[in-house]
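Hi,

Here is the structure I promised to pass on. My notes on what I found follow below.

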Amino acid sequence: HLEKFTVAYRPDNREVWSEAFTISELAEATAGFTGTMSAGGSMSSMETYRIALFSNLTIETCAASCGELESQLYCGKVVTPCDTVLDCPLTCGHGDCHYGQCLQCDNVTLSPEQLAWECGEVQQDCINADGDVVREFIPVGQPQPTEHHTCEDHKWFCPKPSKWALLVEEGKECGLVDTDCGPVDLFPCTFGICVNSRCECTPPDYPDTYNCGWQNDGCGSNVTFGSLFGHCEEGARCTENTCCMPKTREDFPNLQCGEVSDGCGETIKAMNGGGAFLSSKADEDHGWVYKTSFWYNNDAWSGFVFEMKETTSIGHLGRAVLGDFLDTLDVVLFNEDREQLGRVSIGPGIPVDEKLYAYAALNDVVELQSGKRYMLLLRLAKGMSENYLRYNEGDAPLDDKIAEYKGGVSSFWSDNIPSPKTSYFSSWYGVGLANFKVSRPDCPEGQRCTAEGQCVAAE
(Lines give C-alpha, C1' and ligand atoms only; values in the text may rest on other atoms or scores of the structure.)
Protein backbone atom coordinates (compact mmCIF):
# COMPACT_ATOMS: atom_id res chain seq x y z
CA HIS A 1 0.00 0.00 0.00
CA LEU A 2 1.52 3.33 -1.15
CA GLU A 3 1.68 5.79 1.74
CA LYS A 4 4.19 8.38 0.55
CA PHE A 5 6.38 9.22 -2.43
CA THR A 6 8.87 12.00 -3.19
CA VAL A 7 9.47 13.52 -6.62
CA ALA A 8 12.86 15.10 -7.37
CA TYR A 9 14.04 16.69 -10.59
CA ARG A 10 17.04 18.42 -12.12
CA PRO A 11 16.35 21.83 -13.74
CA ASP A 12 17.56 22.15 -17.31
CA ASN A 13 18.25 25.01 -19.69
CA ARG A 14 15.79 24.24 -22.47
CA GLU A 15 14.29 27.25 -24.18
CA VAL A 16 11.26 25.22 -25.40
CA TRP A 17 9.28 23.65 -22.60
CA SER A 18 7.24 20.45 -22.72
CA GLU A 19 3.58 20.84 -22.09
CA ALA A 20 2.52 20.66 -18.43
CA PHE A 21 0.18 18.02 -17.05
CA THR A 22 -3.52 18.61 -17.24
CA ILE A 23 -5.71 18.18 -14.19
CA SER A 24 -7.23 14.98 -15.55
CA GLU A 25 -3.80 13.48 -16.24
CA LEU A 26 -2.69 14.26 -12.70
CA ALA A 27 -5.81 12.60 -11.29
CA GLU A 28 -5.25 9.50 -13.40
CA ALA A 29 -1.55 9.29 -12.42
CA THR A 30 -2.24 9.45 -8.72
CA ALA A 31 -4.93 6.75 -9.01
CA GLY A 32 -6.99 7.88 -6.05
CA PHE A 33 -4.03 8.79 -3.85
CA THR A 34 -5.08 10.87 -0.85
CA GLY A 35 -2.81 13.00 1.27
CA THR A 36 -0.29 15.78 0.78
CA MET A 37 1.84 15.86 -2.35
CA SER A 38 4.58 18.45 -2.88
CA ALA A 39 5.95 19.33 -6.33
CA GLY A 40 8.60 21.85 -7.38
CA GLY A 41 6.30 24.29 -9.13
CA SER A 42 2.89 24.22 -10.71
CA MET A 43 2.20 20.96 -12.53
CA SER A 44 -0.83 22.22 -14.39
CA SER A 45 -0.01 25.78 -15.37
CA MET A 46 0.88 26.69 -18.98
CA GLU A 47 2.91 29.73 -17.93
CA THR A 48 6.27 30.03 -19.71
CA TYR A 49 8.50 30.05 -16.66
CA ARG A 50 10.70 27.29 -15.39
CA ILE A 51 8.62 24.74 -13.49
CA ALA A 52 8.85 21.08 -12.61
CA LEU A 53 7.84 19.06 -15.69
CA PHE A 54 7.51 15.32 -15.32
CA SER A 55 6.92 13.57 -18.64
CA ASN A 56 7.56 10.05 -17.29
CA LEU A 57 6.59 9.59 -13.66
CA THR A 58 6.94 6.16 -12.06
CA ILE A 59 5.69 5.39 -8.55
CA GLU A 60 7.46 2.54 -6.80
CA THR A 61 6.88 0.84 -3.50
CA CYS A 62 9.26 1.37 -0.61
CA ALA A 63 11.94 -1.32 -0.39
CA ALA A 64 11.75 -3.57 2.65
CA SER A 65 15.20 -5.17 2.21
CA CYS A 66 18.50 -4.78 0.42
CA GLY A 67 17.71 -7.72 -1.88
CA GLU A 68 19.35 -11.07 -2.28
CA LEU A 69 23.06 -11.38 -2.91
CA GLU A 70 22.56 -12.31 -6.56
CA SER A 71 19.99 -9.56 -7.09
CA GLN A 72 21.11 -6.98 -4.56
CA LEU A 73 19.30 -3.68 -5.10
CA TYR A 74 20.89 -1.39 -2.52
CA CYS A 75 24.25 -0.82 -0.89
CA GLY A 76 25.42 1.15 2.09
CA LYS A 77 23.05 3.01 4.37
CA VAL A 78 19.82 3.74 2.51
CA VAL A 79 16.88 5.87 3.65
CA THR A 80 13.73 4.84 1.76
CA PRO A 81 10.92 7.25 0.75
CA CYS A 82 8.97 5.81 3.67
CA ASP A 83 11.69 7.06 6.06
CA THR A 84 12.85 3.52 6.85
CA VAL A 85 16.60 2.92 7.06
CA LEU A 86 18.30 -0.05 5.41
CA ASP A 87 21.84 -0.99 6.46
CA CYS A 88 23.04 -2.78 3.34
CA PRO A 89 26.46 -4.22 2.46
CA LEU A 90 28.90 -1.61 1.22
CA THR A 91 29.67 -3.69 -1.85
CA CYS A 92 27.37 -5.30 -4.35
CA GLY A 93 27.40 -8.98 -5.31
CA HIS A 94 27.44 -7.94 -8.95
CA GLY A 95 28.21 -4.49 -10.26
CA ASP A 96 29.15 -1.30 -8.53
CA CYS A 97 27.61 0.75 -5.73
CA HIS A 98 26.39 4.13 -7.00
CA TYR A 99 24.63 6.43 -4.57
CA GLY A 100 23.08 3.56 -2.63
CA GLN A 101 22.08 1.47 -5.69
CA CYS A 102 23.76 -1.62 -7.05
CA LEU A 103 24.33 -0.98 -10.73
CA GLN A 104 26.03 -2.79 -13.55
CA CYS A 105 27.70 -0.13 -15.65
CA ASP A 106 29.43 -0.21 -19.01
CA ASN A 107 33.11 0.47 -18.98
CA VAL A 108 33.87 4.02 -20.01
CA THR A 109 36.75 4.60 -22.37
CA LEU A 110 38.07 8.17 -22.21
CA SER A 111 39.26 9.93 -25.32
CA PRO A 112 42.74 11.48 -25.39
CA GLU A 113 41.11 14.86 -24.99
CA GLN A 114 39.14 13.69 -21.93
CA LEU A 115 42.25 12.15 -20.44
CA ALA A 116 43.84 15.63 -20.52
CA TRP A 117 40.98 17.20 -18.54
CA GLU A 118 41.70 18.55 -15.08
CA CYS A 119 38.03 18.15 -14.19
CA GLY A 120 34.61 17.38 -15.60
CA GLU A 121 32.12 14.54 -15.98
CA VAL A 122 31.40 11.88 -18.61
CA GLN A 123 28.16 10.03 -19.11
CA GLN A 124 27.83 6.37 -18.13
CA ASP A 125 24.78 4.14 -18.69
CA CYS A 126 24.11 1.56 -15.99
CA ILE A 127 21.45 -1.08 -15.32
CA ASN A 128 19.98 -1.69 -11.88
CA ALA A 129 18.77 -5.00 -10.48
CA ASP A 130 15.33 -4.49 -12.04
CA GLY A 131 16.84 -4.05 -15.50
CA ASP A 132 16.14 -0.33 -15.65
CA VAL A 133 18.68 1.93 -17.36
CA VAL A 134 20.15 4.50 -15.01
CA ARG A 135 22.30 7.27 -16.47
CA GLU A 136 25.19 8.24 -14.28
CA PHE A 137 27.85 10.94 -14.58
CA ILE A 138 31.26 9.98 -13.33
CA PRO A 139 33.98 12.52 -12.49
CA VAL A 140 37.09 12.76 -14.64
CA GLY A 141 40.45 14.30 -13.83
CA GLN A 142 41.87 15.47 -10.53
CA PRO A 143 39.89 15.85 -7.30
CA GLN A 144 38.59 19.33 -6.40
CA PRO A 145 41.57 21.05 -4.74
CA THR A 146 39.42 23.11 -2.34
CA GLU A 147 35.77 23.86 -1.81
CA HIS A 148 36.31 27.20 -3.55
CA HIS A 149 37.45 25.65 -6.84
CA THR A 150 35.01 25.36 -9.72
CA CYS A 151 35.36 23.48 -12.99
CA GLU A 152 35.32 25.73 -16.04
CA ASP A 153 36.12 24.39 -19.51
CA HIS A 154 37.50 21.24 -17.87
CA LYS A 155 40.04 23.17 -15.81
CA TRP A 156 40.00 23.86 -12.13
CA PHE A 157 39.51 27.56 -11.53
CA CYS A 158 39.74 29.27 -8.15
CA PRO A 159 38.18 32.76 -8.15
CA LYS A 160 39.64 35.07 -5.54
CA PRO A 161 37.08 36.61 -3.19
CA SER A 162 36.70 40.36 -3.63
CA LYS A 163 38.01 42.69 -0.96
CA TRP A 164 34.41 43.80 -0.38
CA ALA A 165 33.40 40.17 0.30
CA LEU A 166 36.28 39.73 2.75
CA LEU A 167 35.25 42.96 4.49
CA VAL A 168 31.57 42.06 4.80
CA GLU A 169 31.86 38.32 5.46
CA GLU A 170 35.06 38.14 7.50
CA GLY A 171 35.58 41.69 8.76
CA LYS A 172 39.01 41.99 7.11
CA GLU A 173 39.78 45.62 6.26
CA CYS A 174 43.38 46.09 5.20
CA GLY A 175 46.70 44.54 4.23
CA LEU A 176 47.46 41.51 2.07
CA VAL A 177 45.56 38.36 3.05
CA ASP A 178 46.02 34.81 1.81
CA THR A 179 43.00 32.89 0.56
CA ASP A 180 42.62 29.41 -0.90
CA CYS A 181 42.70 31.05 -4.31
CA GLY A 182 45.70 33.34 -3.73
CA PRO A 183 46.53 36.64 -1.99
CA VAL A 184 44.07 39.57 -2.03
CA ASP A 185 45.18 43.15 -1.48
CA LEU A 186 42.60 44.85 0.75
CA PHE A 187 41.85 48.52 1.39
CA PRO A 188 44.43 50.99 2.71
CA CYS A 189 43.79 52.34 6.19
CA THR A 190 42.46 55.89 6.11
CA PHE A 191 43.68 56.34 9.67
CA GLY A 192 46.09 54.40 11.86
CA ILE A 193 47.94 51.23 10.92
CA CYS A 194 46.93 47.76 9.76
CA VAL A 195 47.12 45.07 12.46
CA ASN A 196 45.87 41.56 11.68
CA SER A 197 43.83 42.82 8.75
CA ARG A 198 42.10 45.47 10.91
CA CYS A 199 42.80 49.20 10.93
CA GLU A 200 43.80 50.32 14.41
CA CYS A 201 44.33 53.91 15.50
CA THR A 202 45.24 55.23 18.94
CA PRO A 203 44.83 59.01 19.44
CA PRO A 204 47.85 60.69 21.06
CA ASP A 205 47.85 62.07 24.59
CA TYR A 206 48.11 65.87 24.48
CA PRO A 207 49.83 67.99 27.17
CA ASP A 208 47.59 69.60 29.78
CA THR A 209 49.15 72.96 28.84
CA TYR A 210 47.38 72.99 25.46
CA ASN A 211 44.67 75.64 25.75
CA CYS A 212 44.02 76.85 22.20
CA GLY A 213 43.94 75.78 18.58
CA TRP A 214 43.07 72.49 17.02
CA GLN A 215 44.82 69.27 16.00
CA ASN A 216 43.88 66.25 13.96
CA ASP A 217 44.21 63.23 16.24
CA GLY A 218 45.23 61.04 13.31
CA CYS A 219 42.12 58.89 13.74
CA GLY A 220 39.60 61.03 11.84
CA SER A 221 38.66 63.43 14.64
CA ASN A 222 39.59 67.05 15.27
CA VAL A 223 40.55 67.92 18.86
CA THR A 224 39.77 71.45 20.11
CA PHE A 225 41.76 72.83 23.04
CA GLY A 226 40.81 75.40 25.66
CA SER A 227 37.62 76.80 27.15
CA LEU A 228 37.24 79.33 24.30
CA PHE A 229 36.78 76.63 21.67
CA GLY A 230 40.29 76.88 20.29
CA HIS A 231 40.60 80.67 20.62
CA CYS A 232 42.60 82.84 22.99
CA GLU A 233 41.48 85.91 24.89
CA GLU A 234 41.60 89.19 23.00
CA GLY A 235 45.15 90.28 22.21
CA ALA A 236 46.71 86.87 22.80
CA ARG A 237 48.05 84.64 20.04
CA CYS A 238 47.86 80.86 19.84
CA THR A 239 51.42 79.57 19.51
CA GLU A 240 51.94 75.81 19.40
CA ASN A 241 48.51 75.28 21.00
CA THR A 242 49.32 77.57 23.92
CA CYS A 243 47.95 81.10 24.37
CA CYS A 244 50.71 83.70 24.42
CA MET A 245 50.37 87.45 24.95
CA PRO A 246 52.86 89.02 22.48
CA LYS A 247 54.82 92.12 23.20
CA THR A 248 54.11 95.14 20.98
CA ARG A 249 56.16 97.94 19.54
CA GLU A 250 55.29 100.06 22.55
CA ASP A 251 57.26 97.59 24.70
CA PHE A 252 60.43 98.56 22.79
CA PRO A 253 60.39 102.39 22.63
CA ASN A 254 64.15 102.56 22.12
CA LEU A 255 64.37 99.99 19.32
CA GLN A 256 66.51 101.66 16.68
CA CYS A 257 67.57 98.84 14.37
CA GLY A 258 67.19 95.18 13.57
CA GLU A 259 64.38 93.15 15.11
CA VAL A 260 63.45 91.58 18.43
CA SER A 261 61.22 88.67 19.40
CA ASP A 262 57.70 89.45 20.55
CA GLY A 263 57.87 86.41 22.85
CA CYS A 264 55.27 84.50 20.88
CA GLY A 265 57.12 83.23 17.82
CA GLU A 266 57.19 86.42 15.73
CA THR A 267 59.43 89.46 15.54
CA ILE A 268 59.10 93.23 15.78
CA LYS A 269 61.20 95.16 13.29
CA ALA A 270 62.68 98.58 13.90
CA MET A 271 60.99 101.34 11.92
CA ASN A 272 63.15 104.36 12.61
CA GLY A 273 65.29 106.51 10.40
CA GLY A 274 63.20 106.45 7.21
CA GLY A 275 62.39 109.43 5.06
CA ALA A 276 58.93 110.62 3.99
CA PHE A 277 57.66 110.25 0.42
CA LEU A 278 56.44 113.87 0.37
CA SER A 279 59.26 115.98 1.75
CA SER A 280 57.98 119.60 1.74
CA LYS A 281 56.15 121.42 4.49
CA ALA A 282 52.35 121.14 4.52
CA ASP A 283 51.35 124.80 4.49
CA GLU A 284 49.89 127.44 2.22
CA ASP A 285 53.32 128.31 0.83
CA HIS A 286 53.68 124.79 -0.61
CA GLY A 287 50.14 123.95 -1.72
CA TRP A 288 46.48 124.87 -1.85
CA VAL A 289 44.49 124.67 1.33
CA TYR A 290 40.92 123.38 0.90
CA LYS A 291 38.10 124.16 3.25
CA THR A 292 35.99 121.43 4.78
CA SER A 293 32.96 122.51 2.75
CA PHE A 294 34.73 121.29 -0.40
CA TRP A 295 33.87 117.70 0.56
CA TYR A 296 30.10 118.39 0.43
CA ASN A 297 29.87 117.47 4.09
CA ASN A 298 29.90 113.72 3.24
CA ASP A 299 32.09 110.85 4.40
CA ALA A 300 34.58 110.43 1.58
CA TRP A 301 37.99 109.12 0.45
CA SER A 302 40.81 111.15 -1.04
CA GLY A 303 44.46 110.39 -1.72
CA PHE A 304 46.82 109.29 -4.46
CA VAL A 305 48.17 106.29 -6.39
CA PHE A 306 51.92 105.58 -6.63
CA GLU A 307 54.11 102.92 -8.23
CA MET A 308 57.16 101.59 -6.42
CA LYS A 309 60.54 101.92 -8.11
CA GLU A 310 62.27 99.64 -5.65
CA THR A 311 61.13 97.09 -3.09
CA THR A 312 60.79 99.07 0.13
CA SER A 313 59.33 98.62 3.60
CA ILE A 314 56.89 101.14 5.08
CA GLY A 315 56.58 101.58 8.84
CA HIS A 316 54.50 104.76 9.33
CA LEU A 317 51.48 106.41 7.74
CA GLY A 318 50.69 110.08 8.28
CA ARG A 319 48.43 113.00 7.35
CA ALA A 320 48.82 116.74 7.12
CA VAL A 321 47.63 118.86 10.05
CA LEU A 322 46.86 122.48 9.15
CA GLY A 323 46.14 124.69 12.11
CA ASP A 324 44.37 123.21 15.10
CA PHE A 325 44.49 119.43 15.47
CA LEU A 326 40.77 118.69 15.81
CA ASP A 327 39.73 115.45 14.08
CA THR A 328 40.70 111.78 14.39
CA LEU A 329 40.87 110.35 10.87
CA ASP A 330 42.12 107.09 9.36
CA VAL A 331 44.92 106.77 6.82
CA VAL A 332 44.70 103.52 4.87
CA LEU A 333 47.15 101.77 2.51
CA PHE A 334 45.72 99.52 -0.26
CA ASN A 335 47.31 97.36 -2.95
CA GLU A 336 46.20 97.52 -6.58
CA ASP A 337 43.39 95.02 -5.87
CA ARG A 338 42.03 97.32 -3.15
CA GLU A 339 43.08 94.93 -0.41
CA GLN A 340 43.93 96.76 2.80
CA LEU A 341 47.61 96.43 3.76
CA GLY A 342 47.76 98.82 6.70
CA ARG A 343 45.62 101.31 8.64
CA VAL A 344 46.30 103.88 11.36
CA SER A 345 44.12 106.39 13.21
CA ILE A 346 45.64 109.85 13.63
CA GLY A 347 44.10 112.47 15.89
CA PRO A 348 44.80 114.89 18.73
CA GLY A 349 47.59 113.75 21.02
CA ILE A 350 49.88 112.46 18.26
CA PRO A 351 52.94 114.67 17.73
CA VAL A 352 53.05 116.87 14.62
CA ASP A 353 56.52 117.19 13.05
CA GLU A 354 58.17 120.33 11.74
CA LYS A 355 56.62 119.75 8.29
CA LEU A 356 53.12 119.68 9.78
CA TYR A 357 52.59 115.90 9.41
CA ALA A 358 51.48 113.56 12.16
CA TYR A 359 52.54 109.90 11.84
CA ALA A 360 51.45 106.68 13.50
CA ALA A 361 53.32 103.37 13.35
CA LEU A 362 51.78 100.39 11.61
CA ASN A 363 51.36 97.21 13.61
CA ASP A 364 54.07 95.69 11.46
CA VAL A 365 56.31 96.70 8.60
CA VAL A 366 54.61 96.44 5.18
CA GLU A 367 56.84 95.51 2.27
CA LEU A 368 55.93 97.17 -1.05
CA GLN A 369 57.16 95.43 -4.19
CA SER A 370 59.00 97.14 -7.03
CA GLY A 371 56.82 97.74 -10.11
CA LYS A 372 53.54 97.36 -8.16
CA ARG A 373 50.91 100.07 -7.70
CA TYR A 374 49.54 101.10 -4.31
CA MET A 375 47.02 103.62 -3.05
CA LEU A 376 47.21 105.83 0.06
CA LEU A 377 43.86 107.32 1.14
CA LEU A 378 42.66 109.62 3.89
CA ARG A 379 39.19 108.86 5.24
CA LEU A 380 37.38 112.21 5.32
CA ALA A 381 34.59 112.35 7.88
CA LYS A 382 31.27 114.13 7.65
CA GLY A 383 31.23 117.19 9.87
CA MET A 384 35.01 117.40 10.27
CA SER A 385 36.50 120.73 11.35
CA GLU A 386 39.99 120.83 9.81
CA ASN A 387 41.15 122.16 6.47
CA TYR A 388 43.14 120.00 4.06
CA LEU A 389 46.01 120.43 1.64
CA ARG A 390 46.23 119.92 -2.12
CA TYR A 391 49.37 120.58 -4.15
CA ASN A 392 49.59 122.31 -7.50
CA GLU A 393 50.73 120.27 -10.49
CA GLY A 394 54.50 119.96 -10.51
CA ASP A 395 54.92 121.62 -7.14
CA ALA A 396 54.92 118.56 -4.88
CA PRO A 397 58.49 117.60 -3.88
CA LEU A 398 58.50 113.79 -3.89
CA ASP A 399 61.25 111.21 -3.33
CA ASP A 400 61.18 109.83 -6.87
CA LYS A 401 63.87 107.28 -6.01
CA ILE A 402 61.29 105.44 -3.90
CA ALA A 403 58.16 105.64 -6.03
CA GLU A 404 56.50 107.43 -8.91
CA TYR A 405 53.35 109.46 -8.32
CA LYS A 406 50.61 108.27 -10.75
CA GLY A 407 47.73 110.64 -9.89
CA GLY A 408 45.13 111.65 -7.36
CA VAL A 409 41.94 109.68 -6.67
CA SER A 410 38.86 110.43 -4.62
CA SER A 411 35.35 109.27 -3.88
CA PHE A 412 32.56 111.21 -2.26
CA TRP A 413 30.96 108.06 -0.84
CA SER A 414 32.52 106.11 2.01
CA ASP A 415 31.48 102.70 0.67
CA ASN A 416 32.98 103.33 -2.78
CA ILE A 417 36.75 102.93 -2.52
CA PRO A 418 38.63 104.23 -5.59
CA SER A 419 40.59 101.78 -7.72
CA PRO A 420 44.32 102.06 -8.51
CA LYS A 421 43.59 100.43 -11.88
CA THR A 422 40.40 102.04 -13.19
CA SER A 423 39.75 105.27 -11.30
CA TYR A 424 40.12 108.64 -13.01
CA PHE A 425 43.48 110.12 -12.02
CA SER A 426 43.60 113.88 -11.51
CA SER A 427 46.91 115.69 -11.70
CA TRP A 428 48.46 116.12 -8.20
CA TYR A 429 45.04 115.97 -6.62
CA GLY A 430 45.17 114.66 -3.04
CA VAL A 431 48.92 114.20 -2.91
CA GLY A 432 49.30 116.37 0.19
CA LEU A 433 46.50 114.82 2.21
CA ALA A 434 48.44 111.76 3.36
CA ASN A 435 52.05 110.64 3.49
CA PHE A 436 54.15 107.60 4.37
CA LYS A 437 57.61 107.00 5.79
CA VAL A 438 60.02 104.42 4.51
CA SER A 439 61.28 102.00 7.15
CA ARG A 440 65.05 101.67 7.21
CA PRO A 441 65.92 99.29 10.06
CA ASP A 442 69.66 99.56 9.50
CA CYS A 443 71.84 101.98 11.40
CA PRO A 444 73.30 105.08 9.70
CA GLU A 445 76.69 104.80 8.08
CA GLY A 446 79.46 104.48 10.65
CA GLN A 447 77.26 102.75 13.20
CA ARG A 448 76.33 99.15 13.94
CA CYS A 449 73.26 97.48 15.42
CA THR A 450 73.62 95.70 18.75
CA ALA A 451 71.71 92.59 19.78
CA GLU A 452 69.44 94.86 21.87
CA GLY A 453 68.48 96.89 18.76
CA GLN A 454 70.61 99.94 19.52
CA CYS A 455 72.74 101.85 17.03
CA VAL A 456 76.26 102.42 18.37
CA ALA A 457 79.47 103.65 16.85
CA ALA A 458 81.19 101.07 14.71
CA GLU A 459 84.52 99.93 16.16
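**Salt bridges and overall picture**

Glu-307 counts as partly exposed, at 23% relative accessibility (buried is under 20% relative accessible area, exposed over 50%, partly exposed in between, with a 1.4 Å probe and protein chains only). Its side chain meets that of Arg-373 in a salt bridge (3.4 Å, N to O); by salt bridge I mean a side-chain nitrogen of Lys or Arg within 4 Å of a carboxyl oxygen of Asp or Glu. This pair links distant parts of the chain, 66 residues apart: Arg-373 sits in strand S25 (residues 373–380) and Glu-307 in strand S20 (residues 300–308). Arg-373 is partly exposed too, at 24%.

Before you go further, please note that this is a predicted model: local features need pLDDT of at least 70, side-chain atom pairs count only at pLDDT 80 or more, and totals for chains, interfaces and linings use all residues. Residues are numbered from 1 along each chain as its sequence is written, and side-chain values use heavy atoms, without hydrogens and water.

The count comes to eight salt bridges. Another one joins Arg-343 and Asp-330, with the closest N and O atoms 3.1 Å apart. Here Asp-330 is buried at 19% relative accessibility, whereas Arg-343 is partly exposed at 35%. Arg-237, Asp-262 and Glu-266 form a network of salt bridges.

As for the whole protein chain, 33% of its 459 residues are buried. Of the contacts (heavy atoms within 4.5 Å) between residues at least 6 apart in sequence, 59% join residues at least 24 apart.

Best wishes

Conventions
Helix = DSSP H or I, 4+ residues; strand = E, 2+ residues; numbered from the N terminus.
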